[in-house]
Structure formats: C-alpha cells, structure tokens
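Please read them with the coordinates open.

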Amino acid sequence: MISMIMVLNQKGDIMISRQYRDDVSRAAADSFRLQVIAAKETGTQAPVKRIENCSFLYTRHLHMYFVALTRSNVNPALVFEYLFQKIRILQAYLGEDFDENAMRNNMTLIYELMDETMDFGYPQNCAVDVLRLYINLGNIRPQDEPDSKLTSQITGAIDWRREGIRHKKNEVYIDVLESVNLLLSTTGNILRNEVTGQVQMNTKLTGMPECKFGLNDKLVIERESNQSRKPGIEIDDCTFHRCVRLGKFDADRTITFIPPDGEFELMRYRVTDNINLPFRIIPAVQEEHGQTKLSINLKVHAKFSEKLFATHVVIKMPVPKNTAKAKIKNSFGRARYEPEQQAIVWRIKRFPGKYECMMAADVDLMPTVRNKTWSRPPINVEFQVPMFTASGVHVRFLRVFDKSGYHTNRWVRYITKAGGYQIRI
C-alpha cells in the first residue's frame, strides 16, 4: 500500500512528510521536484508519475502538492480518495483556504491526523466528526466519553453518526437535483442526451434511525408486478454515500441506510433513455447580401406542464466576430447583443410551461479583408425548472424506523437545470 505521504510547497521543499513503510526515503522528493514540479507537468500530464520503480500520485491545494509514494501495485482511485479526504479534513481544522503558514503553525495537529487516518500504509478513519472527538486544536475539550464508547465510535461500522443525537422536531429534507446534457445537430438529430442527478438530504433525526428510501426504479417496480403502477425509470448507473448498505441494494435494489446528522449527498445517478427535454429550440440563420448581413430567427417552446415555470433562462445565440450592431425583436424577456460574449444574449426571468416565444434579429457585419467562413458555434442555454425532473425520477417513499417510533416530517423538492444544453446552427 502507501509507503509515504508528503506535502511540498511550490518550490519543491518538503513541508511535512510521514513514512509508513521503509521501502522509500525522503530523497525521493528530489526526483519529484525535478521531474514534476520543475518540469511544470501539473495540469498538463496525468497526476501519476513513475520514477525509479516508485509511483508518485499527487494532487494540489493552492500552491501545495499532496503526494503519495508507493512501490506496490495499489488501486489509484483509493489513493486519490485518501488524498482528497486528507485535504477535506485539513479544511475542516484549518479553514477552507489553508495555506503554507497555517500548515507550519499546526505541525503537531497535522502529524496526529496523519497517524489517525493511516496505519502502515492503509487508510483508516477519515470521518471529520469522529476525529474531532479526540483530536482538536487545544482550545476545544473533547466530550467526556467512556473508553469503550469512544473505541466503538472509532472502529465501529457507523463512524459517520454518533449516538445520543436529539432533535425537538424530527425532519428530513430531500432535494433531487438534475442536470440535462443535450447536443443537437443542425438537422435536429440528437447527438448526446443524458441526465445526471444527485439526491441531497438534510436529516434532523433523533437516535440511530434506519431509513429506507425508494425511487421509481424500473427493476423494483417490475419486481412488485403491480399493473396499476406507472412504468419505472431505467437508471444506468449510480453511486452511494458510504452509509448505504450496498449488500441490500445488490440483493433487492432497496436503499437502506443509517443517515449522518445534517446535510449529505445520498446518491448520484445517470439516465440516458426516455428523457423529457424541458425546452425545444428551433433556430434559423441565414447570411445575406454578400456576408454583410445576418438574419436570425429563434423559436423557444417550453415542453413542461403549464402548472410549472422555468427561472433564470438565458439563451446565448452566437454571432460572427465582425458584428457591428444587431436590431433585435423579441416577444418575451430582454435580448441584446453583448460583444464580449460574441453573442446575442436573451434573458427571461420566468418562463411559463407550454409557452412559446420568438426572437428575430437583423445583424450588420463589418466588411473584412479576408473572407473567413464563420464557424457557427452552438447555441448555449441555461435554465432552472423547479419541481420537474427531466429523467422522470421521483421519490416513492422514505420510511424511518426507530425504537421510539416517533413521527417524522418529510419534504421533497425537485430542481432541473441545464448542464451542457447546446443546439448547433
């Protein structure tokens, strides 16, 4: 596994290092400094470098390099996850934008964190809430807990939630956030169409409850074989927070978990079939009078329900670089030519469902010495549609089981926004 962790500054000097195995030495930092930092490979090459039979895996935070060294054939995803978790832990202790001075002023704390988060090259406990129980900056006294309770908290399976949590009101907030990615060709054919989503939760629950969460997953609905139900959604792939019991999900597709207290991301998913596009955009662009004028017509139709509305709609219609001025007529919102973006930007604060609007523009072009063909970049669209999911995913249920049997209030919110929503012209 990992033989050594180093933190270097932008000059390549070692600020902090911790050796977990004796098959590498601090002299390896010289090789990294010469072949990576001095060669300015960061950002242009892969963050994995093989030097003298030693693998260097690294990432950056501000002007510091967090480097893991190993001579074994490790899983690189595990190493990078540890490095990212290490940065997240230091941000929790030292602040989001901790720098070289903050690191040097807290050497003892950082070495304690290094020893607790890794043992003999194997990542251990990286939960910030648990680390704060027994490692602090000296001005916070850890909670007085029996040794047995602290030991179970550190080594137990549920290190993301401590016992004894109490809330006056037991509430769960669920946000289903989706991004629509679309690329249409000039003929209207779909070149790319997918939805990436995430389920964010904010739990305020007493005790150690077990939650059961259900989406309209096609496999689950087909297993239940209830003809009255609507057809389910085919979810291509998904990733979960570590609190989810993956064995249960693999067995019967049920999402069962003991949630952390507060905000966390329960899962991410991707859908590629049967996507309900929120907007249909039909462009018409025609060059006139020997490439000195450009005629643009744009029709936008909202395909979601008339009970809903989109907010912060921005449509960027590209124009040639030699545009002099543009005369614009639009039936809704505000549109104007913005030279810095080389586009006509059409902004609509609130777009009702099933509504259709038009924009027409006559663009005057400055004459050029060389007749260079306009590359016609795609139209870019930004929007947000509350209480709408392009994939059709919705929450079927959330059940909370606790020994005391208390009542839980649940709120669900859906938001769909544009990811890469582009239409070629």
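1. In this predicted model, strand S14 (residues 279-288) and strand S15 (residues 293-302) are paired in the antiparallel sense through ten bridges, and within that pairing isoleucine 282 is found opposite lysine 299 of S15. S15 also pairs with strand S20 (residues 356-365), again in the antiparallel sense, this time over nine bridges, and here leucine 294 has valine 363 in S20 as its bridge partner.

2. An open sheet is formed by nine strands in the order S11-S13-S9-S8-S23-S21-S16-S19-S18, and its pairing is mixed. At its edges stand strand S11 (237-240) and strand S18 (334-338), each of which pairs on one side only. On average, and with direction ignored, neighbouring strands of this sheet are turned by 15 degrees against each other. Within the order given above, strand S21 (residues 379-386) runs antiparallel to strand S23 (residues 409-423), the two being joined by six bridges, and isoleucine 379 stands opposite isoleucine 423 in S23.

3. A further open sheet consists of five strands in the order S2-S1-S5-S4-S3, with antiparallel pairing. Strand S2 (14-19) and strand S3 (48-51) are its edge strands, and each has a single partner strand, so one side of each is left without a neighbour in the sheet. Neighbouring strands are turned here by 20 degrees against each other on average, direction ignored. S3 is joined to strand S4 (residues 54-61) by four bridges, the two running antiparallel, and valine 48 stands opposite leucine 57 in S4.

4. Helix H1 (residues 28-37) packs on it, touching strand S1 (4-8), S2, S3, S4 and strand S5 (64-70), and the direction of H1 makes about 125 degrees with that of S3. Helix H2 (residues 76-94), for its part, lies across S1, S3, S4 and S5 and runs at about 35 degrees to S4.

5. Residues up to four places away in sequence not being counted, threonine 59 touches Met64, Tyr65, Phe66, Leu83, Phe84 and Ile87.

6. The largest pocket has a volume of about 750 Å³. Its lining comprises 21 residues, of which Gln85, Arg88, Cys126, His241 and Arg242 lie nearest the centre of the pocket. Two or more lining residues are given by each of H2, helix H5 (128-134) and strand S13 (262-271), and H2 supplies the largest share, five residues.

7. On the cysteines, the structure holds zero disulfides. Cysteine 238 is in none, since the nearest cysteine sulfur, that of cysteine 243, is 14 Å away, whereas a disulfide requires the two sulfur atoms to be within 2.5 Å. Cysteine 243 is likewise in no disulfide, with the nearest cysteine sulfur, that of cysteine 211, 8.6 Å away. As for accessibility, cysteine 238 is partly exposed, with a relative accessible area of 24%, while cysteine 243 is buried, with a relative accessible area of 4%.

Technical notes:
Residues numbered from 1 in each chain as written. Predicted model: local features only at pLDDT ≥ 70, side-chain atom pairs only at ≥ 80, totals over all residues. Heavy atoms only, no water. Buried < 20%, exposed > 50% of the residue type's maximum accessible area, 1.4 Å probe, protein only. Pairing = 2+ DSSP bridges. Axes fitted to C-alpha atoms, helices over the stretch in contact; angles between N-to-C directions. Contact = heavy atoms within 4.5 Å. 1 Å grid on protein atoms, 1.4 Å probe; cavity = no way out; pocket = protein on both sides within 12 Å on 5 of 7 lines; lining within 4 Å. Points joined across faces, edges and corners; volume = space filled by probe spheres on them.
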